Amino acid sequence: MTIALFSPLSLRSVTLKNRIAVSPMCQYSAGDGFATDWHLVHLGKFAQGGAGLVFTEATAVSPDGRITHGDLGIWSDDRAAALARITAFLRAQGAVPAIQLGHAGRKASMQRPWFGNAALSEADRARGDVAWDIVAPSALPVADGWLTPRAMTPADIARTVEDFAAAARRAAWCGFDVAEIHAAHGYLLASFLSPVSNRRTDGYGGDRAGRARALFETVEAVRAAWPADKPLFVRISAVDGAPDGWTLDDSVWLAGELARLGVDVIDCSSGGISGPATAGRTPPPGFQVPYAARIRAETGLLTQAVGLITEPAQAAAIVAEGKADIVALGREILSDPNWPLHAADALGAESAFESWPQQYGWWLARRR
Ligand code: FNR
């Protein structure tokens, strides 16, 4: 029986062995932007666990674009070099190495979650975590208690666009096969899109085409810098979830425009413009899948679905029913890094541990 979840997917010259992605997840464990052994082991175990596509966390294109001092960065060649052994290991395990490129905008200069998850303050200096000046489309904080950003000038925007392009060039050089631009969760590019956070009156604000201009320029620059035979994803918040915010209709329009600019996959998340992405509510399983399904149906673009996808049958149905082309797992795969291998077994897509790394599978097949 063919199970679409476990069928390969070709994107330009890159083939995923299955439709299971590890969603980008910040680890707050980098040293001045450099990847550490933590990242190698953390990402490596998902590749050993059978995921077809393994994303790094949001990797900052400039130092001020980090959420915390612990974020990965790719604003210099030596930081890219520190990622090369990770991409080599992921590839050796049969996974496609993917990087999410991000700039945190007005949600930068934060404490690591376990140190408080709030804006960096004087109290954090003792740990060496010094706050920095943050930028955004408009000088509006996310909410009370958050830092107030400086409104970017057109020259700031042009520099950030070039930072994304330079980051994409480095990402290709150090071995990534998929790049994703982070335009979700209220970070810099999402904050340009949303009328909640973008009150500019110049060409980067106003109507939705104006608010999307910073993202379009970023996509154009990245697409030109990123090899033509490698796929480009964009993660969006399909809805802001805030009153008078960005809507699903806006996202359908945006996806069509992004397709024309050479984007291959829209990764459909939501929320985050006014604080944490799912603040104050416990969403139901697969709550963002309808966004991926509608964008896919109305634009013909490929989509990645994410958000409380935890069960093998649930993931299989999303792909089989044409709601998304790829399913991304976050917290569930933190809990079980071998989720793809277990799902293949549960769904009958494999037998006798044949797709497990032989270092494990040889033994486990004989234990039964
Ligand atoms: C995240 N998420 C996230 N999203 C993103 O686009 N870039 C990122 O760097 C991060 N970082 C991050 C860290 C951690 C620890 C978690 C748990 C989440 C969001 C994540 O990719 C995913 O969209 C959500 O977690 C929803 O999926 P799950 O966890 O319900 O499968």
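Me: In this predicted model, which residue has a polar backbone atom 2.7 Å from an oxygen atom of the ligand?
Reply: The model is a predicted one, and a polar contact requires a pair of N or O atoms within 3.5 Å. An oxygen atom of the ligand and a polar backbone atom are 2.7 Å apart, and the residue that supplies this backbone atom is Pro24.

Me: How much of the accessible area that the ligand has on its own does the protein cover?
Reply: On its own, the ligand has 600 Å² of accessible area. The part of this area that the protein covers is 82%.

Me: What is the distance from an oxygen atom of the ligand to a polar backbone atom of Gly330?
Reply: Backbone atoms of several residues may be considered here. For Ala58, a polar backbone atom is 3.0 Å from an oxygen atom of the ligand. For Gly330, the corresponding distance is 2.8 Å.

Me: How many residues of the shell around the ligand are charged?
Reply: Among the 16 residues around the ligand, those that come nearest include Ser23 and Arg331. The shell contains seven nonpolar and six polar residues, and the number of charged ones is three.

Me: How are helix α1 and helix α2 oriented, roughly parallel or roughly perpendicular?
Reply: The axes of α1 (residues 37–48) and α2 (residues 77–92) come within 9 Å and cross at roughly 15°. Because angles under 35 degrees count as roughly parallel, the orientation of α1 to α2 is roughly parallel.

Me: Which hand does the crossing of α3 and α6 have, left or right?
Reply: Helix α3 (residues 154–173) packs against helix α6 (residues 213–225) at about 30°, with the axes 8 Å apart. This angle makes the two helices, α3 and α6, roughly parallel. Their crossing is right-handed.

Technical notes
Residues numbered from 1 in each chain as written. Predicted model: local features only at pLDDT ≥ 70, side-chain atom pairs only at ≥ 80, totals over all residues. Heavy atoms only, no water. Near = heavy atom within 4 Å. Polar contact = N/O pair within 3.5 Å; in protein donor to acceptor, adjacent residues only side chain to side chain. Areas by Shrake-Rupley, 256 points an atom, 1.4 Å probe, with all protein chains shown as cover. Nonpolar A, V, L, I, M, F, W, Y, C, P; charged D, E, K, R; others polar. Axes fitted to C-alpha atoms, helices over the stretch in contact; angles between N-to-C directions. Helix = DSSP H or I, 4+ residues; strand = E, 2+ residues; numbered from the N terminus. Parallel < 35°, antiparallel > 145°, perpendicular 65-115°, else oblique. Left-handed = near helix turned anticlockwise from the far one by under 90°.
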